[in-house]
Amino acid sequence: YGLGAILYELIAGRQVFTGETLEVMLKAMREIPERPTAVFKATKEGARHESTKIVMRLSKLEEVCLRCLAKDPKGRYASARAVAEELVSVLEAIEQGRETGILPRRLQEAQERSEIHRVDEHITKMDLERAIEQTEAVSKKRDSTRVRDRLDDRRHQLEILGKLRDRLVTQLNAQRPTFPSFALAKETLVNVEVLKATPKKIYILRGDLPRDIDWSEMGARQFVAMAEAVKMSSPEDLLGLGILCHHAKLLDFSIRYLTALRGTPFEGEARHILESTA
């Protein structure tokens, strides 16, 4: 019931029942709540507010709200999880385009940016397989030109980063570098020797203790540190490192790598990345 009351106020702009405390309690016991969309639409704000067209079309949202507020507890959801699952179905209806035309353009664009940002988060962690999965998931939901163009950019960048990772794996296996400090997402290790690398994991020796680490456990800084330790400096390497640092917002590194590509076949692509928003 409490979740329904919160949802009601979010939709209607006011509490389910209004008045003094005792009056509200009596109304809650005796009266059926007015539909929250009707309350909102009747206000001066609701009559002209951009979000009205969203609320009025999302009948499922109002259905969830009113079921939470059912007089008989048996008529309500059995748990907060059940409420959450119903609300997820409302969000999925929007995200999958089943509510086409009801979202304001700026809200739809914000959703698209958020979905692309999730791709970029995986890129930042060099979790390339997850980034590819997320890219394909977004492409199935979004077909606007601006999204297609950005996804094509990401696919191309993921291809470059995949090749960069493969080259780094080869060099790590050949050189087996050591690092006085080895930064992971949640901790920093000291005195680390790389024993072996694969496209999925890095096997290290810390003192006398072996350990395997997923690429996604490391941040972009450690990836860069490894690439520099094994002296990866070809134009292809610089482009890949520039892309990674651009998404990780390591701006100094990104600018250094990408500007170093002037006069190479990758100059135009480097300029495009520098001018884009991560």
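I started at M25, which lies in helix α2 (residues 21–30). Helices here are DSSP runs of H or I, at least four residues, and strands are E runs of at least two, numbered from the N terminus.

The model is predicted: local features need pLDDT of at least 70, side-chain atom pairs count only at pLDDT 80 or more, and totals for chains, interfaces and linings use all residues. Residues are numbered from 1 along each chain as its sequence is written, and side-chain values use heavy atoms, with hydrogens and water left out.

I looked up the surface around M25. L22, M25, L26 and M29 make a nonpolar patch there, with about 430 Å² of accessible area together. An α-helix has 3.6 residues a turn, so residues three or four places apart point the same way.

Next, the sheet. I found an open sheet of 4 strands, ordered β1-β2-β3-β4, with antiparallel pairing. Strands pair if DSSP finds at least two bridges between them. β1 (178–183) and β4 (209–214) are the edge strands, each pairing on one side only. From one strand to the next the twist averages 50°.

I checked β3 (residues 201–206): 6 bridges join β3 to β4. K201 has D214 of β4 as its bridge partner.

Then the helices over the sheet. α10 (residues 145–175) lies across β2 (188–197) and β3, at about 100° to β2. α11 (residues 220–229) lies across β1 and β3, at about 165° to β1.

A220, Q222, F223, V224, M226 and A227 are buried. Just after α11, K231 has a positive phi of about 60°.

Key
Axes fitted to C-alpha atoms, helices over the stretch in contact; angles between N-to-C directions. Contact = heavy atoms within 4.5 Å. Patch = residues over 30% accessible without salt bridge, like charges linked within 9 Å, V, L, I, M, F, W, Y side chains within 5 Å. Areas by Shrake-Rupley, 256 points an atom, 1.4 Å probe, with all protein chains shown as cover. Salt bridge = Lys/Arg side-chain N within 4 Å of Asp/Glu carboxyl O. Buried < 20%, exposed > 50% of the residue type's maximum accessible area, 1.4 Å probe, protein only.
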